[in-house]
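Dear colleague,

I am handing over the structure we spoke about, together with some notes on what I found in it. Please have the sequence and the model open side by side as you read.

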Amino acid sequence: MSTTSPRIGRPAERIEARIKVTGQARYAADVVLPGLAHAAYVGSAIACGRVLAVDTARAEQAGGVLLILTHDNRGPLGDLPNGDGTGLTPDPRPPLADDRIDYRGQIVAMVVAESPEQAAHAASLVEVRYEPAPFVVDIDDGAGTRLSDVPRRGDCAAALRAAPVTIDVLYSTPIQHPCPLEPHATVAHWVDHDLVVYDSTQWVLGDQAVLARAFGLSNERVRVLAPFVGGSFGSKVFTAAHTLLAAVAARRLERPVKSVLRRSEVLTTVGPRAATRQRIQLAAERDGRLIALRHHTRSHCATERDVADRDPFYEPTSGITRVLYACPNYEAVHDVVPLHLAKPGWMRAPGEATGLWALEGALDELACESGLDPLALRMRNHSSRDAHTGKPYASEHLRECYERGAERFGWSRREPRPRSMRDGDAWIGWGMATAAHPGNRDPASVRVRLDRERGGVHVTVATAGIDLGTGLYTALAVVVADALDLPGERVTVELGDTRLPPAPMTGGSNLTASVAPAALAACTRLRRRLLAFRRAPDESADWAELLDRAGLGDIEAIGTTDARPPGERHAHHSFGAQFVEVRVVPELGRIRVTRVVGVFDVGQVVDATTTRSQLLGGVLFGVGQALLEQQVHDPVHALPVHADLAGYLLPCHADVPDIDVEWLDAVPDVTFNAIGCRGAGEIGITGVAPAIASAVHHAIGVRLRDLPLTPDRLLAALAESPRE
Amino acid sequence: MRPFTYVEGISVADAAAAVHAAPAAMFLAGGTAIVDLMKLGVLAPAALVDVQRLPLGDIELDDRRARIGACVRNAQLAEHPEIRARWPVVREALLSGMSAQLRNMSTVAGNILQRTRCPYYRDPHSACNKRVPGSGCAVQTGWDRDAAVLGGSPHCLAVFPSDLATALAILDAIVYTRRGDGGARRLPFDGFHRLPGDTPERDTVLDHGELVTHLELPDLAIARRSHYFKVRDRASYDFALASAAVALDLERGHVRDARIALGGVATRPWRCTAAEQSLRGKRAELASFRAAADLALADAVARTHNGFKIELARHVVVRALSELAARPG
Ligand SMILES: Cc1cc2nc3c(=O)[nH]c(=O)nc-3n(C[C@H](O)[C@H](O)[C@H](O)COP(=O)(O)OP(=O)(O)OC[C@H]3O[C@@H](n4cnc5c(N)ncnc54)[C@H](O)[C@@H]3O)c2cc1C
Ligand code: SF4
């Protein structure tokens, strides 16, 4: 199949759009089963300590209550798999394991009742006595533990000492929350001692592995379904505590149990993006060429036990900083700071969105220091190979992204001096940054089946992979319709079920790159088998006719994508260039993003509609990261200050700038997979925040290094700056 | 959420009497504020008396005043052409707040009776005198970025969040009520919201079971040139970090009279009479506005993280007055 096929890369209609807007798409929380019972939770009121007693007497008297689970009566659960690649849980300790409290909001009791309202009411009647212990919830108050394997090349210290130009700066990012629109939801149902779970997850097979282990079942006896998921951004990779508890309760009650987290529970118990403190040291020649880059990150993790028990979570900031620019000397150091908070996790572009905030910011400072244009500085340090491993990229077009982006934006008209553009009450600034995300691909399989139907054939494409709203349904339909040269209406796609051919978790922008080539491979097999029934090699392929000739009512094939071989010669990476215009009204602390231009190289685009929305959404995510989003915890009382969407601010319509995204055409990464596609789900966010901060500096000459760039921070920085 | 009974109010007198009779009963209007607080476990009324069907949904106007029913929707008030012409600050304040959906649902009385957004008030586990009198005030040692810089007490520092109330504060508005015992009151808006002092649990002077029936805006020449200016974290759909409602009566480039109230920075709608006084007779120019803004914030007290609000509010006052003075007419 060639990548110049008629449909690949063009804008398709989302095939699942109609059932979504008409409410027919069934998300986990929409599942209704006979006898369904409903769960609600009691979250810990303290951040650290012990539960002394849980008094459920009043709650048990409340109407409709069926079951209350606490650590005293939860019953046995097996060990949970972790880190062995089969499934993940946020805590190796199962929920309600003992009396220990590690963070505020941790589930201390589960109430199941006939209705959600009765469950919530009864939960409010549960009385818990605690023995509180001292806690730390602020990364700046915590002690760090150094992680051991430190990537390095060359001799950073020596280079930093000798360099003509050096930069040494601290950048920070707060705890940010993925906030998918669909809250985390599970319906657990036991059917003849087998478990069926409808879950809002990024990974049905991960769920299956965790649940099977927890209940001592073989994997086949656990079925997990997630045909539709309403966003995730990394927060649904782990099998959540409430999912396990729903299955416990359903077994105990011999009734299906539905558990839907409240927004406040999502915001306090689901792992967020870890807070980081990053020190970047750069050494450069006078012409801007980098000599050394040292990147020291502190990021928060869960409690000390997390560090002691096993690999703690760390925000992988250095993943990108070590590969991006040509630089002979590099060193990364990583400390984790245990805090009494829910264990952090991966949030859209983990590592890139945080690491590039620091690195690209520091580069902008280097450009100012050296009197260089920020774009010219990037060009000067461009690397056509992974700067750390030295492997050449199989397909790399970053310079083209820079050039096209600059042209679309009008970058050449930029006057380098800060405070050089004004319009009415606002200073205008232009900034830019590099966007980057690795190409990821994992083993996957897809089944394609052709059914003889009246008037032709119908194709069913099936895989366990999950569409988070990102566009996999449409991408698979496009690939298969194209490969079999059939109209789109003839294709049905089935996703998100452990009974379907296995696929990896949706994460790291990997899924289209893993699953679409597998679908293509399946189609190739089918074609080969059916084409054998042609009467002449030049006879056009009519699948219905060929099936009839073969005497078959249907035919199917499974296609697979393999794991990447360890000794690959090439590296695979997506890149982009992002340009931003801001308007700043200093005395009002106001920063507004008015224009964003992004040009990306993501390999071959499979479907233009969903790729575009991924890139647009990524940019918007970046605007939120830059200007608004932060989860603050009161260091004295451990209160998560923003536990709803009126307080945890996401961009609203008025915050949305004019966004222009473009991708390079005809740049398939052909050694990466048969289609040449890498993912586009995350790269859109990666350069936005640093480009905004550099635009703010250009606008008013003030450097902001702590996200988000809120009015109070801008006013404080202005008060300290010598300019005004 | 605790189970509660729901009653639809039939007449003004019955509704007031029904709440008056039951200590744990409350009025329900659009529900956009109260229901949230019930779900959080902050309020737990045993009964809700719905006032939305009461005959309090009209805006009556003549050349002396506007009489606004308590159940007029915030959107309805904002869109009224005569309100827009005679009291533009009301419309601007309303449109600067909430979302379109919330404005369609919520009422004028509910708006001025909404509770603080202080996160400790909204968390049943935290010490909060406003929620549980005598339990303490977590903000005093906790996260105070959003706390008030004006009107606070050692017992409470919570910002009163209503934009509409900030506008009403400069309009000589009057609140009409019906009490549960059948009496009625006419309450000047000026004293309607209370300072927290040592009883922060009471936001207003209303008694239990006292139903707001109307708001009155007397016709006011100065209100025709009035304006609301608000700064918030997000570009829209967000509460004020600092806001100002202002009105100017100008004659040949001089200020004959001025009105200024602050929002987002104080424990109640904050009228700035000294600042208003300072403007009278002055040229309508930046220097006078700056001096007035300094006076408006003269008594402000910063805590650990909310000091920026003082500087910000000064700029907001200057900006509001400058924009208004530059308006034709
Ligand atoms: C997400 C969000 C954002 C918001 N943003 C803003 C903003 O930017 N600016 C702003 O000013 N506001 C904002 N608000 C608050 C909003 O203004 C209030 O929720 C709304 O005005 C309340 O009106 P309601 O009719 O829904 O009141 P309800 O919720 O029904 O009632 C509120 C209170 O008033 C009492 N009450 C209602 N009517 C009467 C009456 N006639 N007599 C006596 N008591 C009565 C009730 O008992 C209750 O205590 C926001 C709210 C939300 C949820
Ligand atoms: S400031 Fe007022 S509302 Fe907030 S915690 Fe203190 S008493 Fe409660």
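How do the residues of the shell around ligand 1 divide into nonpolar, polar and charged? They divide into 16 nonpolar, 11 polar and four charged residues. Please bear in mind throughout that this is a predicted model, and that the distances below are computed from its atoms.

**The two ligands**

The shell around ligand 1 holds 31 residues, of which F27(B), G31(B), T32(B), T107(B) and D163(B) come nearest. For K230(B), an N or O atom of the side chain is found 3.2 Å from an oxygen atom of ligand 1. On its own, ligand 1 has 980 Å² of accessible area, and the protein covers 94% of that. The elements of chain B that contribute two or more residues to this shell are β2 (25–28), α7 (108–112) and β8 (211–218).

Around ligand 2 there are 14 residues, and those that come nearest are C118(B), C128(B), C137(B), C156(B) and L157(B). By class, this second shell is made up of 11 nonpolar residues, two polar ones and one charged one.

**A helix and an open sheet in chain A**

In helix α3 of chain A, which spans residues 116–125, the buried residues are A119(A), H121(A), A122(A), A123(A) and L125(A). These buried residues pack against several elements of chain A, among them β2 (49–55) and β6 (127–132). Both of those strands also belong to an open sheet of three strands, in the order β4-β2-β6 of chain A, with antiparallel pairing. The strands β4 (100–101) and β6 of chain A stand at the edges and have a single partner strand each, so one side of each is left without a neighbour in the sheet. Six bridges join β2(A) to β6(A) in the antiparallel sense, and within this pair V51(A) stands opposite Y130(A).

**A covered strand with two partners**

Strand β14 of chain A (residues 276–284) is mostly covered, with seven of its nine residues buried. It pairs in the antiparallel sense with strand β9 (residues 165–173) of chain A over nine bridges, and T166(A) stands opposite A283(A) of β14(A). Nine bridges also join β14(A) to strand β15 (residues 290–301) of chain A, again antiparallel, and here Q278(A) has T297(A) in β15(A) as its bridge partner. Five residues lie between the strands in the hairpin of β14(A) and β15(A), where G288(A) takes a positive phi near 95 degrees.

**One threonine to look at**

Finally, T561(A) is found in strand β22 (residues 554–561) of chain A. Why does T561(A) count as buried? Its relative accessibility is 8%, and the term applies because buried means under 20%. A polar atom of the T561(A) side chain lies 2.5 Å from the backbone oxygen of S514(A), and a polar atom of that side chain lies 3.4 Å from the backbone nitrogen of A518(A). Leaving aside residues up to four places away in sequence, T561(A) touches R441(A), D442(A), P443(A), A444(A), S514(A), P517(A) and A518(A).

With best wishes

Key:
Residues are numbered from 1 along each chain as its sequence is written. Chains are lettered from A and ligands numbered from 1 in the order in which they are written. This is a predicted model: local features need pLDDT of at least 70, side-chain atom pairs count only at pLDDT 80 or more; totals for chains, interfaces and linings use all residues. Side-chain values use heavy atoms; hydrogens and water are left out. A residue is near a molecule or strand if one of its heavy atoms lies within 4 Å of it. A polar contact is a pair of N or O atoms within 3.5 Å; within protein, one must be able to donate a hydrogen and the other to accept it, and residues adjacent in sequence count only if both atoms are side-chain atoms. Accessible areas come from the Shrake-Rupley method with a 1.4 Å probe; for residues, only the protein chains shown count as cover. Helices (H or I, at least four residues) and strands (E, at least two) are DSSP runs, numbered from the N terminus. Ala, Val, Leu, Ile, Met, Phe, Trp, Tyr, Cys and Pro count as nonpolar, Asp, Glu, Lys and Arg as charged, and the others, Gly among them, as polar. Buried means under 20% relative accessible area, exposed over 50%, partly exposed in between (1.4 Å probe, protein chains only). Contact means heavy atoms within 4.5 Å. Two strands pair if DSSP finds at least two bridges between them.
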